[in-house]
Amino acid sequence: MELEVLVTVELGDTGYVLVSEGEALVVDPQRDGWRFVAAAESRRARIRSVLDTHVHNDYVSGAGEVAAATGAEIVAPALGRYEFPHRPVEEGDEIRAGALTLTAWHTPGHTPEHTSYVVREDDSPEPLAILTGGSLMVGAAGRTDLLGPDRTDELSRAQFRSLRRIGALPGGVRVLPTHGAGSFCSAGSGGGARTSTIAAERVANAALAVREEDDFVRLRTADLPRYPAYYAYMAVINRAGPRVAGASPGVPALEPGEVEALIASGARVVDGRDRACFAESHVTGSTNVEVGGSFSAYVGWLFRPQDPIVLVAPDPEPLSASRAAVQLFRIGYENLRGYLSGGVDAWKAAGGAVSSYPVAGLDELCGEIRAGADPYILDVRQPVEHREGMAEGSAGIFVADLPGRLDELPAGRVPWVICASGLRASIAASIIDASGRPVRLVSERGVTDLMAECPPRAAESPSPQAGAVR
């Protein structure tokens with residue numbers, strides 16, 4: 001068996017191409033499925049089937065794209081309630097390609113229909129690998145709360161049993177999960193490795209170490225991070241069958257006048273440049289989400305799929321705009337109208353309104369605290385991070401909640417916005433700036449460094465702000 005591992009870093013996900021005797025199987029492709037087609041073609045293999053392990057919550061499946069490009073059969077769990085032509089599989093069903101046989105195992109937990117695929121070669125009784133999707137992951141397991149609190153207990157107990165079943169496979173069996181480091185579908189963290197073995201997971205995976213079902217439910221559902229708002233749209237799109245595009249979406253260059261007209265009609269401007277460039281000068285009212293690993297997650301947290309978006313792209317503009325468009329395409333956001341040609345300089349030259357705000361370093365914030373200035377510190381990390389510890393006297397509002405909670409910011413005080421590394425703080429600072437309030441961005445490093453390097457405020461000068469979790 002030949003194995004191609006295709007990692008989509010921006011989603012924290014992995015898809016696979018399995019090749020044997022000139023035939024290929026594709027498993028859990030992201031929507032830009034032509035990457036998987038190219039991988040099979042590079043090995044001179046014909047894609048026979050494209051498989052999904054479950055109804056995905058974090059991205060639009062690329063199964064339709066692969067099938068349209070190659071004529072491959074789409075294989076998906078029978079319990080998934082898919083509404084387009086496909087081969088539904090249940091426990092024990094087999095899918096073949098070359099000398100490979102994939103046997104479907106119903107492994108509910110991450111979702112009710114979740115199906116793993118056990119890989120054997122030449123009809124050997126000993127499996128080579130198991131494609132675990134959102135069940136067993138490297139050092140972690142798929143979270144079980146994505147369908148809401150009413151089903152979390154049921155799915156957590158199902159996940160416990162599914163993991164026990166997978167964990168009983170021979171130690172040499174390769175573990176090939178879909179979700180991994182950086183995925184909001186993961187409960188726990190396994191570092192950067194994308195694949196593993198059963199033996200390694202028995203030693204290192206905390207999800208397999210829990211022996212009692214009740215303990216598993218309690219431990220594996222506690223203190224999970226929030227997941228992006230766009231997840232609410234994914235299952236609906238994937239069950240119905242996404243539109244087949246056939247290629248990466250094009251992103252037209254827009255003149256300032258065109259952008260001005262789009263803004264007037266309700267378009268939102270997303271500026272993908274780095275936080276320092278944005279703070280120095282940006283289109284008034286725009287939101288700063290750096291084009292990088294978390295771009296689609298935070299655009300998907302702050303905007304709806306139908307919202308028209310105009311991008312301010314970092315240099316080189318066409319390449320950055322294309323990268324941003326693909327990331328949004330993967331989550332079903334297809335209303336990117338284009339990018340501002342010439343960026344902020346062109347906008348200013350055309351008379352467009354621009355804004356700016358100051359950027360501060362951690363040392364500057366510490367200096368304010370030591371001087372007794374009592375700065376208003378706004379911690380925009382996740383609530384679970386707030387519970388783990390906050391700088392003394394700081395206030396906590398998660399960045400995704402900020403647009404609806406701006407009235408909680410105290411009048412007459414300038415927020416020093418901080419997170420773990422500066423990324424979320426830069427988004428939050430842009431939201432505050434767009435509301436017309438003054439703001440100061442702590443652009444590098446974060447709360448952990450602040451707590452370690454800056455002493456607590458003097459006891460004789462208590463802060464009126466919200467108390468910290470110590």
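This is a predicted model: local features need pLDDT of at least 70, side-chain atom pairs count only at pLDDT 80 or more; totals for chains, interfaces and linings use all residues.
Residues are numbered from 1 along each chain as its sequence is written, and side-chain values use heavy atoms, with hydrogens and water left out.

**Salt bridges**

- The structure holds 30 salt bridges.
- Back to the opening pair: R424 sits in helix α15 (residues 423-434) and E385 in helix α14 (residues 383-388), so their bridge ties together parts that are 39 residues apart in sequence. Helices here are DSSP runs (H or I, at least four residues), as are strands (E, at least two), and both are numbered from the N terminus.
- Salt bridges that share partners also put D153, R157, R161, E213 and D214 into one network.
- Within that set, the side chains of D214 and R157 meet in a salt bridge at 2.8 Å, N to O.
- That pair links distant parts of the chain, with D214 in helix α6 (residues 213-220) and R157 in helix α3, 57 residues apart.
- R157 counts as partly exposed because its relative accessible area is 22%.
- R440 bridges to E364, and the closest N and O atoms are 3.3 Å apart.
- Since R440 lies in strand β27 (residues 440-442) and E364 in helix α13 (residues 362-370), this bridge ties together parts that are 76 residues apart in sequence.
- R440 has 23% relative accessibility, so it is partly exposed; E364 has a relative accessible area of 38%, so it is partly exposed too.

- The 19 residues of α3 should span 27 Å at 1.5 Å a residue, and the end C-alpha atoms are 27 Å apart, which agrees. The expected span is 1.5 Å times one less than the number of residues.
- Buried residues in α3 are T152, L155, S156, A158, Q159, F160, S162, L163, I166 and G167.
- As background, an α-helix has 3.6 residues a turn, so residues three or four places apart point the same way.
- R151 belongs to this helix, which covers residues 149-167, and counts as partly exposed because its relative accessibility is 31%.
- The R151 side chain makes a polar contact with the side chain of E154 at 2.8 Å. A polar contact is a pair of N or O atoms within 3.5 Å; within protein, one must be able to donate a hydrogen and the other to accept it, and residues adjacent in sequence count only if both atoms are side-chain atoms.
- Setting aside neighbours within four places in sequence, R151 is in contact with P112 and T144 (contact means heavy atoms within 4.5 Å).
- R151 and T111 are 40 residues apart in sequence, and their C-alpha atoms are 9.6 Å apart in space.

**Two buried serines**

- S49 is in strand β4 (residues 46-51), and at 3% relative accessibility it counts as buried.
- Not counting residues up to four places away in sequence, S49 touches A24, L25, V26, A72, E73, V75 and I95.
- S320 lies in helix α11 (residues 317-330) and counts as buried, given 11% relative accessibility.
- Leaving aside neighbours within four places in sequence, the contacts of S320 are V291, A313, P314 and D315.

**Exposed spots**

- R370, in helix α13, is exposed, with a relative accessible area of 51%.
- Neighbours within four places aside, R370 is in contact with E453, C454 and P455.
- R370 and P455 are 85 residues apart along the chain, yet their C-alpha atoms are separated by 7.7 Å.
- V5, V7 and V9 form a nonpolar surface patch with about 210 Å² of accessible area together. Patches are made of residues with over 30% relative accessible area and no salt bridge, joining like charges within 9 Å and nonpolar side chains (Val, Leu, Ile, Met, Phe, Trp, Tyr) within 5 Å; accessible areas come from the Shrake-Rupley method with a 1.4 Å probe, and for residues only the protein chains shown count as cover.
- V9 sits in the loop between β1 (2-8) and β2 (13-20) and counts as exposed at 56% relative accessibility.

How values were computed:
Buried means under 20% relative accessible area, exposed over 50%, partly exposed in between (1.4 Å probe, protein chains only). A salt bridge is a side-chain nitrogen of Lys or Arg within 4 Å of a carboxyl oxygen of Asp or Glu.
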